[in-house]
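Here are some friendly notes to read beside the model. Take them one at a time, and keep the picture open as you go.

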Amino acid sequence: MTTSEFFVPDLCRVRAVFLLLVTSELLVLVLAIVQANQGWIDWNYFGLLSLFVQWTTLTSAALICLLRTRLARMSVPGATAIIVAIVLLDVLAFSLFADSIVHPQAGVAVWQGIAKKMLLALLIVLMVLRYFYLQHQWQQQREAEMQAHLASLQARIQPHFLFNSMNTIASLIAINPDKAEEAVLDLSELFRASLRTGDQLIPLSRELELCQRYLTIEALRLGDRLKLEWQIQAGLEQQAIPPLTLQPLVENAIYHGIQPRPEGGTVRIEAEAKGDFVYLLVQNPKPGQSTHQHDGNRMALANIKSRLQALFGEPAVLKHSHHNDVYTVTLRLPRQNASEQKIPGKGTEIRHE
């Protein structure tokens, strides 16, 4: 089991420690309210217990953080036992230290108090670890479902696109065999990409190449009705993106925004880096109001959004908007390079009209 597969969150991260401190402080507040004999809360008890609990929480989190790599190599029961032992020893040490100051003369009552604290700590840490384990299992299940969604998306080539492409190729064979051959190669590359299910992230350059192949086929069918505008910032070739993320958006732009319009329209594709994020934009004329088109577009956006959330988490954002009869889909991805080498033969900037 690697550290990424370990069921306990990374307590070396500030956010995880902050959430742990907030949760423990809420528990202290509840205990102080229960302990109060007069009024709503015993502030003296609250202050002393807060000091004890926060010091114990911080030192235990620090020790678990230092041992995280070793704990990740252990089985779940083994790691749980070690973490419980760390917390209980921590509680025991701080209890002895605190009682040596508050109650210099140790007695039976003091040891009973320490035993109660350790029992309470045991129950709490077991409940917290159980929550972490269930949360981890849920996250793994969610990632597996996202992989199934990705495989489903990659395995599907829209029937209408396939039939249209085959008809276009058939019509070109007699009048322009060279273009027909290029269309067959482009179509085969699309199939190859749809069947490649092992990659979670690919370079943006590969996804843009796939979009170009798709648009080349559609341009043969739509002719002058389809106009393209590319604005790709240089230096983004290795930006990590899930496969078949941008291509379905371009496909939706054609199917919902260009195909229904007799006069056609323009599809605009942009990629730009701003700070720690990369923004991808796909624009097309406003889609028609057909319920079927609206539902299909919404399902595609929901699928892509779910995949982005599974791979990147909160930093990844997908949104869509209408403005001046232009439909825009915007993707925000964290700035991150794919693990692959740069694809040879691809330019750093693409501009077409």
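1. Let us start with helix α9, where 12 of the 13 residues are buried, so α9 is largely enclosed by the rest of the structure. Buried here means under 20% relative accessible area, exposed means over 50%, and partly exposed is in between, using a 1.4 Å probe and protein chains only. Among the buried residues of α9 are Leu246, Pro248, Val250, Glu251, His256 and Ile258. The helix covers residues 246–258 and reaches 17 Å from its first C-alpha to its last, close to the 18 Å expected at 1.5 Å a residue. That expected span is 1.5 Å times one less than the number of residues.

2. A word on what you are looking at. This is a predicted model, in which local features need pLDDT of at least 70 and side-chain atom pairs count only at pLDDT 80 or more, while totals for chains, interfaces and linings use all residues. Residues are numbered from 1 along each chain as its sequence is written, and side-chain values use heavy atoms, with hydrogens and water left out.

3. Now the whole chain. The protein chain has 10 helices and seven strands; these are DSSP runs numbered from the N terminus, with helices being H or I of at least four residues and strands being E of at least two. Of its 353 residues, 38% count as buried. The accessible surface comes to about 20,000 Å², and 60% of it belongs to carbon and sulfur atoms; such areas come from the Shrake-Rupley method with a 1.4 Å probe, and for residues only the protein chains shown count as cover.

4. How do parts of the chain meet? Among contacts between residues at least 6 apart in sequence, 76% join residues at least 24 apart. A contact means heavy atoms within 4.5 Å. A separate example of sequence and space is Glu145 with Ala310: they are 165 residues apart in sequence and 9.5 Å apart in space, C-alpha to C-alpha. Glu145 sits in helix α5, residues 108–155, and is partly exposed, with a relative accessible area of 40%.

5. Next, find the open sheet of five strands, in the order β2-β4-β5-β7-β6 with mixed pairing. Its edges are β2 (226–232) and β6 (317–323), each with a single partner strand, so one side of each is left without a neighbour in the sheet. From one strand to the next, the twist averages 15 degrees. Two strands pair if DSSP finds at least two bridges between them.

6. Strand β4 lets you compare two kinds of pairing. With β2 it runs parallel, joined by seven bridges, and Lys227 has Thr266 in β4 as its bridge partner. With β5 (residues 277–285), β4 (residues 265–274) runs antiparallel, again through seven bridges. Here Lys274 is partnered with Phe277, and Ala273 stands opposite Val278. The two strands form a hairpin with two residues between them, and Gly275 in the turn has a positive phi of about 65 degrees.

7. Which helices lie across this sheet's strands? Helix α8 (residues 204–222) lies across β2, β4 and β5, at about 165 degrees to β2. Helix α9 lies across β2, β4, β5 and β7 (326–334), at about 20 degrees to β5. Axes are lines fitted to C-alpha atoms, for helices over the stretch in contact, and angles run from 0 to 180 degrees between N-to-C directions.

8. Finally, the charged side chains. The structure holds seven salt bridges, each being a side-chain nitrogen of Lys or Arg within 4 Å of a carboxyl oxygen of Asp or Glu. Glu218 forms one with Arg221, their closest N and O atoms being 3.0 Å apart. Both lie in α8, three residues apart, about one turn of the helix. Glu218 counts as buried at 3% relative accessibility, whereas Arg221 counts as partly exposed at 27%.

9. Another salt bridge joins Glu229 and Arg268, with closest N and O atoms 2.6 Å apart. This pair links distant parts of the chain, with Glu229 in strand β2 and Arg268 in strand β4, 39 residues apart. Glu229 counts as partly exposed at 23% relative accessibility, and Arg268 is also partly exposed at 23%. Elsewhere, Asp186, Glu209 and Arg213 are linked in a network of salt bridges.
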